Amino acid sequence: MAALESVVNFILGMGAPVFVPLIMIIVGLIAGMKFRDAFSAGLTLGLAFVGMNVVVGFMMDAVGPAAQKLVENTGVQLTAIDGGWPPMSTLAWAWPYAFFMFPIQIVLNLIMLAFKQTDTLNVDLWNVWGKIFTAVLVIGVSGNVTLAFLVASIQVILELKLADVNQKQIEQLTQIPGVTCTHGMMMFSAVLHPLNRMLDFIPGMNKKVDADYLKDKIGIFAENHVMGFIIGILIAVAARYSFSDTLTLGVQAAAALTLFPMVAKLFMQALAPLSDAVSEFMKKRFEGREFYIGLDWPFMAGRNEVWVSAIIVVPVILLLAIVLPGNNMLPFAGIINLSVVVPALVVTGGNLLRMIILSLLTTPVFLYASTFFAPTITDLAKTTGVVDVPKGQMLSWFSVESPVFRYSFAHASNFEAIGAILAIAWVAMFVWYYRWMKKRSEQIAKEMDAA
């Protein structure tokens with residue numbers, strides 16, 4: 001067991017840009033692709049992940065310091081520092097029982113496929129750390145290892161169910177067939193859905209406002225590079241940057257918004273042949289069933305709405321961090337809150353205006369959840385010693401994925417009334433969203449067939 005654990009940890013340690021393409025090459029070969037085609041597609045997928053990580057990191061490095069400077073200018077002291085997801089994954093893998101989550105995810109996926117409870121094969125095994133992190137947070141609240149594994153296993157199942165029901169909407173948005181998203185952040189859709197449905201009753205909210213709509217209405221000002229430049233300038237001015245630094249951030253933001261869709265095309269180039277091969281393989285052996293490949297979120301990053309909405313909300317995030325009573329979180333590494341804009345993209349069907357509104361409405365949820373989990377994460381960092389936390393400060397993660405699910409079920413595992421109530425409410429919202437999106441998916445499938 002120790003030897004197997006070492007091998008798996010070594011492979012996972014290479015990260016998603018290496019691990020996921022390796023899995024996809026193997027899947028492609030099993031599906032009957034020639035080695036050269038499977039290798040080319042897998043390598044291109046790796047390049048896409050690397051490229052997207054580089055651009056996202058570039059954006060974070062540019063906007064993060066401006067955000068921190070803006071808060072410093074107010075004189076407000078926030079002691080919970082946002083470390084982003086990298087230190088969280090490090091802490092997750094430092095948990096002594098972390099390795100067992102790896103086979104649990106695979107076995108649950110295979111069982112659900114066999115019993116027709118999902119049509120998604122989740123190859124995004126690198127992000128198993130997200131389930132481990134959930135278990136760690138549950139233990140931090142309740143101290144119950146058994147319930148920690150149970151809650152994490154529930155997350156595995158729900159991620160697959162969401163991947164199934166979201167697939168048609170995701171395909172319509174990305175134009176990549178046979179692929180869906182199994183990332184844990186998609187579970188926040190259950191919280192976004194009721195808010196999105198409320199917007200149906202507000203005049204003007206039912207108009208489709210996406211990036212193409214903006215280009216038709218405001219012309220060059222909706223072009224990626226111009227819009228990015230304007231947003232970067234506004235953030236820099238709010239942070240009281242010098243003239244030269246303001247222009248620099250403007251150009252950096254313009255570059256990021258220009259590069260995102262370019263890199264996203266690599267995902268389509270890599271996934272299209274793999275998806276076709278897997279689809280043909282499954283059709284021959286499982287007549288009447290349609291199977292999907294579950295992946296991490298970056299293949300959806302080509303939608304400009306993701307980045308425009310995420311950056312526009314940054315100043316509001318900082319303002320709320322300063323004025324909300326009881327908040328102790330200083331957003332920094334996760335200031336570009338992908339944990340809300342990516343699921344909002346799917347929930348709204350790419351409606352930019354709705355995505356911005358949903359992000360604004362739910363920002364307090366992320367601030368309070370990250371504030372609440374800060375002591376648990378800090379204690380774990382000090383206990384394991386894998387992440388250094390400065391004296392007098394705490395470590396947390398502003399854009400913590402699925403904050404309501406994790407908070408609710410962590411408290412429920414400690415047999416607290418508030419946790420049980422919130423968990424039941426979350427499940428009700430999940431069922432509501434699942435049924436609604438299932439109907440929407442059927443409609444989208446008919447539209448695709450008609451086209």
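Reader: Leaving aside its neighbours within four places in sequence, which residues is Leu137 in contact with?

Author: In this predicted model, Leu137 is in contact with Phe373, Thr376, Ile377, Arg406 and Ala410, once its neighbours within four places in sequence are set aside.

Reader: Why is Leu137 called buried?

Author: Leu137, which is found in helix H6, residues 129-142, has a relative accessible area of 1%, and since buried means under 20%, Leu137 is therefore counted as buried.

Reader: Why is Phe243 called exposed?

Author: The relative accessible area of Phe243 is 67%, and because the word exposed is used for values over 50%, Phe243 is therefore exposed. Phe243 has its place in helix H11.

Reader: What makes the nonpolar surface patch of about 570 Å²?

Author: The patch is made by Phe229, Ile230, Leu234, Phe243, Leu247 and Val251, with helix H10 (224-238) and helix H11 (243-285) each supplying at least two of its residues.

Reader: Which residues have the most contacts inside the largest nonpolar core?

Author: Those residues are Phe299, Met300 and Trp426, in a core that has 130 residues. Helix H15, residues 352-384, gives the most to this core, with 12 residues.

Reader: Which residues does Phe299 touch, not counting residues up to four places away in sequence?

Author: With those residues left out of the count, Phe299 touches Ile170, Thr174, Ile176, Val179, Thr180, Cys181, Phe267 and Leu271.

Methods
Residues numbered from 1 in each chain as written. Predicted model: local features only at pLDDT ≥ 70, side-chain atom pairs only at ≥ 80, totals over all residues. Heavy atoms only, no water. Helix = DSSP H or I, 4+ residues; strand = E, 2+ residues; numbered from the N terminus. Buried < 20%, exposed > 50% of the residue type's maximum accessible area, 1.4 Å probe, protein only. Contact = heavy atoms within 4.5 Å. Patch = residues over 30% accessible without salt bridge, like charges linked within 9 Å, V, L, I, M, F, W, Y side chains within 5 Å. Areas by Shrake-Rupley, 256 points an atom, 1.4 Å probe, with all protein chains shown as cover. Salt bridge = Lys/Arg side-chain N within 4 Å of Asp/Glu carboxyl O. Core = buried A, V, L, I, M, F, W, Y, C linked by side-chain atoms within 4.5 Å.
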